[in-house]
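Me: I've got this structure open and would like to talk through a few spots on it. Could we start with the surface charge?

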Amino acid sequence: MVGLTIAAAMDEIWGWFDVAVSLLFFGVLPWLAGRYRQLRALLAAAGWQRAEQLERERSLVAREARLVERTRIARDMHDSLGHELSLIAMRAGALELDRGLTEPHRSVLGELRAASVEATERLREIVGVLRDETSAAPVEPAGETVAELVARSRASGVWVELVTTGVAASVPVTVDRTAHRVVQEALTNAVKHAPGARVTVRLMYGAAALTVTVTNGRPSVGASPAAVGGGQGLPGLRERARLVGGALRAGHRDGGYEVVAELPYAGVPIGRGADEGEGSDSTRHLSQVRRAARRGMAVAVAVPGSIGMVVLVLMFGIRGYEVTHSFLAPAAYDALRVGQQRPGIAGQLPPQQVDGRPDVPEPPVPAGARCEYYRVTQDLFGGPIDVYRLCFVDGRLIDKTVVAGTVR
């Protein structure tokens, strides 16, 4: 700032320009970059806090959905296993009263009945812990197959088609019930969000896994999708598929929606659900935005830096052109003679004169003469330079002088 003030006071245009450019590139631009980064961080902080809050809320909703799905699974266990264990205990008790059996047989049947009763009680204790009385009771009939579910949906007006490939042999009950639950939820979502759309249910029985695919097209023209639900269906299905060692994915496809579940016959529960990954969506998005911000900051620094480099290259180019085209070789200067005509020596002279005059007083200019100035050296960065002064009167050389750049 002091240099700028002095340059302006002394009316040194080039000095003022040099100081101003220095301040711009080494002072103002870094300050602006820092201010931009600080303001960007302050404005983004509130948004990221909100995003993290939404992520936590979504995680709570997904956790609630998993708990509800566990409760439904517990009901299925109670309705199926509890009933079968009760029948086993009852039949064992009836056989225990048969007089045709020997005492050892009655003893074994008594132990079997007691074990069945104990297993039933333990099952009820587990179901009692997991039971959620606020959830609605299951509406599908016990033991209903996927084919029966599709037929019931078709009878209610849903345009649904069932395609089965492979042989449905030795499919575990848990896998079969999970497939039923996936199809049921997918059909419910299709009716809710894409009314009137064609729905295709595919069951592919492979050698080691059952693949369930439910695809619906676009909703029919004029149909109004239902309001968005609580968002617990798909997280619950993911949890149910996870518990049998499988996986479930869902997403838009060809204007519609598709749900695909891979259910292995001999699977074990995998780790956490898909919604409990190491990084949340907002965290991943934050990382992407930070990378974009770093790229933007690099561009913000690179652009003025590149412009500065271009300006410097142009300045050096112009300077080099001016120096090389205003340089008069010492031998050529020595060959000049007073009295020669300007046209006769024009070929020995540079195409242009030096830019500027020496800063020291020069010898008096002959009366009526017009003087030309040429560089003595080709030094690009030297201080005050020496110049050759050639003075002409009516096109005739009348004086040749070396004007020193500094006082000697």
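Me: Which residues gather in a patch of positive charge on the surface?
Reply: Keeping in mind that this is a predicted model, the residues that gather in a positively charged patch on the surface are Arg37, Arg290, Arg291, Arg294 and Arg295.

Me: Which helix gives the largest share of the positive patch?
Reply: Helix H7, which covers residues 281-325, supplies the largest share, with 4 residues of the patch.

Me: And where does arginine 37 sit?
Reply: Arginine 37 belongs to helix H2, spanning residues 13-96, and because its relative accessible area is 60%, above the 50% cut-off, arginine 37 counts as exposed.

Me: Stepping back, how many helices and strands does the chain have?
Reply: The chain comes to 9 helices and 8 strands, and of its 408 residues, 29% are buried.

Me: Now the strands: is asparagine 216 buried or exposed?
Reply: Asparagine 216, which lies in strand S3 (residues 209-216), is buried, because its relative accessible area of 11% falls under the 20% cut-off.

Me: What does asparagine 216 touch, leaving out residues up to four places away in sequence?
Reply: With those left out, asparagine 216 touches Ala190, Ala194, Arg198, Val199, Gly256 and Tyr257.

Me: Where is arginine 253, and how accessible is it?
Reply: Arginine 253 is in strand S4, residues 247-253, and at 45% relative accessibility arginine 253 counts as partly exposed. Between arginine 253 and threonine 215 there are 8.4 Å in space, C-alpha to C-alpha, although the two are 38 residues apart in sequence.

Me: Last one, then: where is glycine 339 found?
Reply: Glycine 339 is in the loop that runs between helix H8 (330-335) and helix H9 (342-345), and with a relative accessible area of 32% glycine 339 is partly exposed.

Me: Which residues does glycine 339 touch, again not counting those up to four places away in sequence?
Reply: On that basis, glycine 339 touches Arg396 and Leu397. Leucine 397 is 58 residues from glycine 339 along the chain, and their C-alpha atoms are separated by 5.0 Å.

Technical notes. Residues numbered from 1 in each chain as written. Predicted model: local features only at pLDDT ≥ 70, side-chain atom pairs only at ≥ 80, totals over all residues. Heavy atoms only, no water. Patch = residues over 30% accessible without salt bridge, like charges linked within 9 Å, V, L, I, M, F, W, Y side chains within 5 Å. Areas by Shrake-Rupley, 256 points an atom, 1.4 Å probe, with all protein chains shown as cover. Salt bridge = Lys/Arg side-chain N within 4 Å of Asp/Glu carboxyl O. Lys, Arg positive; Asp, Glu negative; His and termini not counted. Charge placed at Lys NZ, Arg CZ, Asp CG, Glu CD. Helix = DSSP H or I, 4+ residues; strand = E, 2+ residues; numbered from the N terminus. Buried < 20%, exposed > 50% of the residue type's maximum accessible area, 1.4 Å probe, protein only. Contact = heavy atoms within 4.5 Å.
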